[in-house]
Structure formats: C-alpha cells, structure tokens
Amino acid sequence: MQTGDAAPPCPLPLVPCTSILLNTTAADHRVARMAAVALGLTILENAIPSPLPGVKPGLANIVTLIVLARYGWRTAAWVSLLRVVAGSLLFGNFLTPGFFLGLFGALCSLAVLALSQHLPRRWFGPVSHSICAAFAHIAGQMLIVYLWLIPHAGIAYLIPIFATAALLFGTVNGLIAARFMENETIYPQITQIHAD
Amino acid sequence: MYAVPLRHIKIGDWLTLLLGALCVALLTLKLWNGDPADRAIIRGGGKIFSVVPLSRDQRIEVPGPLGTSIIAIQNHKARIASDPSPRQYCVRQGWLQQAGEIALCLPNQVSVELAGSKKKYDSLNY
C-alpha cells in the first residue's frame, strides 16, 4: 500500500486543508476490491449454521486462492489479512479470542501458501494450495487453542473432526477457485486463436 | 456432468488429496483409538471395590443398594452382565474394551471402568 507521500498541496494556502488525499494505485484498488469480495463471502458464510463451532467452509479463501494465482503472494496476503481485520470489525469481535484464532489461522495459511505456490504449476493447481492452506489454518488454530485458550490434552479428540473438515472444505474451495480461473486459462487461448 | 469438477484436479492435486486423506486417517486412528486396556476398575458405592486384570476371564459380584451386579470379564473385554437397575442402561452398553471406557449403573451405584497404561480423557472428564 502506498499512502500519500507526495499528496498534492492545498490549492489555496489561506483555506485550511480539510481533506487528506491518499494516493492510491491501481494495485491498492485491486486489493480493496478483492478484500471486499472476500468480506461478502465471510458474511454469507456466517449466515450458514455450523454443526460444530469452528467448522466453517472458509469461502473467503476462494478469493485468496484466485488472488494468489493472479497477482501473487503479496497481494493475497493483503487481501487475506484485510479480510480478517475488517471482518472482525464488522462482526464486532476485533481483538477477541476468535479474532486471534482467525488471524493466526490466516497467517499460517499464508506461510504455507508462500511455500506451496512454488510447486510446479503443471501438476499442482488451486486444489493443492487450498488443501495445504486449510490444514495449516486448522493446525495454527489448534495450536493457539491449546497454548492459550484450552491447555488440555482433551482437545486432541477434536482434531480428527477439524482435519476432516479441512480436507473436505479445502478441496471444495480449491475446486471452486479452479472453476473461476478456468475462464482465464481458456480466454488467452481464444484470443490467441483470434490473433492468429 | 461429473467430469466437470474432476477436470480441475491435476495429478499433483490427487497426490495432495491422497496425502491429506492419509493424514486424516492416521490422526483419527491415533487420536480416537484409545490405548488397549489392561485392567478394570470396579467401583461400588463410590469406593473402589476391586481392580482386576483383563487377562483372566471371570465373573465378579458387586453388592449395591438394589441388589447384586454381576461384572463379566472375557477375552480382554468387560461388561456388566446383569444388574438390578430398572432401565438396564449399563447392561445394554455391552462390552467395553478400550482404556477410558466406562459403564455406570447409577441406581445400584456400581461402575466398571477400563484403564490402560496411561489415563485417557473421555467426555466425562473432558
């Protein structure tokens, strides 16, 4: 994010400058737009009842996956973290345990995505990234839960449930992301045909 | 129709899926399969009545306020074979074989709990 290093000076020096102009780039707008889409999905997801607290489809990660493939890891990290922070503000759980769980899960996912994005694209698609990120997310969250919230070995009993959910939703999200990006891989071919 | 989602899964993705499924299966086996039990702790009226090894088949009679509960131990498993409680929940629970499993006959104040080398957690003390 580039904020106004070189904001334009106020037009008249006598009139107090009332507005602060941040110089935003096209990349910033892209991040904001994608984060807004991710936020929309988060809100949608919160309307879906969950059988167990913590088992969520994580639909917003579809956006992260698409952004990762299109614009790279940095932009994906921005979108993901903005979504976590803005989402917590929307739902009123900023700085609550739930927020830190989500934040740490997102950070773990991003760390794993930073590695998994280097997998050869020929063989590994968004489905792989999604599954890896989902597992990292749940691993990070369980770690926080164990170290901070419930320091009891009993939570190990929940791990298989969460891991199964991570595999399932990771695959589904990856498939959805792949489905959305399919158009991008097809269109260049079409334009190429037209160019020929 | 079914081929549409499958088209998006590349070879490496199948590999990731397989690996993930394997992880889940291993985790489930490791975390949900309790230790094999090696002894049964039998309680009557809140006190430990006796602790017996599962290695020897036997029937144990435990007196309670309603009558006598009979605990059967057979093939490294234990169950309440008969109990005077009205609803027979502990009898219908059947054989217990993993450490941490427990059958309670509350009306007759008799319980049998299996224990292994280390104490496992279950929903009762979770």
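Tutor: Two strands count as paired if DSSP finds at least two bridges between them. Keep that in mind for this predicted model.

Student: OK. Which strands form the open sheet, and in what order?

Tutor: Three strands of chain B, in the order E3-E4-E5. The pairing is antiparallel.

Student: Which strands stand at the edges?

Tutor: E3 (58-63) and E5 (77-82) of chain B. Each has a single partner strand, so one side of each is left without a neighbour in the sheet.

Student: And the twist, what does it average from one strand to the next?

Tutor: 25 degrees.

Student: How many bridges hold E3(B) and E4(B) as a pair?

Tutor: Six, in the antiparallel sense. E4 of chain B covers residues 68-74. For a specific pair, take B:Pro63: its bridge partner in E4(B) is B:Thr68.

Student: How many bridges join E4(B) to E5(B)?

Tutor: Five, and these strands run antiparallel. Here B:Ile70 has B:Ser82 in E5(B) as its bridge partner.

Student: What's in the turn between E4(B) and E5(B)?

Tutor: The two strands form a hairpin, with two residues between them. B:Asn75 sits in the turn and has a positive phi of about 50 degrees.

Student: Switching topic. Which residues touch the most other members of the largest nonpolar core?

Tutor: A:Val63, A:Val79 and A:Ala166, in a core of 40 residues.

Student: Which elements give two or more residues to that core?

Tutor: Six helices of chain A: H1 (26-46), H2 (60-71), H3 (73-91), H4 (97-116), H5 (126-149) and H6 (159-195). The largest share comes from H6(A), with ten residues.

Student: Zoom in on A:Val79. What is it in contact with, leaving aside neighbours within four places in sequence?

Tutor: A:Val31, A:Met34, A:Ala35, A:Ala38, A:Val63, A:Thr64 and A:Val67. Note A:Val63 in that list; A:Val63 is also one of the residues that touch the most other core members.

Student: What other core lies apart from it?

Tutor: One of 17 residues. Among them are B:Ile42, B:Ile71, B:Ile73 and B:Leu96.

Student: Now the contact between chains. How many residues does each chain give?

Tutor: Chain B gives 19 and chain A gives 23.

Student: Which element supplies the largest share on the chain B side?

Tutor: Helix H2 of chain B, residues 11-32. That helix contributes 13 residues.

Student: And by class, what is the side of chain B that touches chain A?

Tutor: Twelve nonpolar, five polar and two charged residues.

How values were computed
Residues numbered from 1 in each chain as written. Chains lettered and ligands numbered in written order. Predicted model: local features only at pLDDT ≥ 70, side-chain atom pairs only at ≥ 80, totals over all residues. Core = buried A, V, L, I, M, F, W, Y, C linked by C-beta atoms within 7 Å. Buried ≥ 20, exposed ≤ 12 C-beta atoms within 10 Å, placed from the backbone. Helix = DSSP H or I, 4+ residues; strand = E, 2+ residues; numbered from the N terminus. Contact = placed C-beta atoms within 7 Å. Axes fitted to C-alpha atoms, helices over the stretch in contact; angles between N-to-C directions. Nonpolar A, V, L, I, M, F, W, Y, C, P; charged D, E, K, R; others polar.
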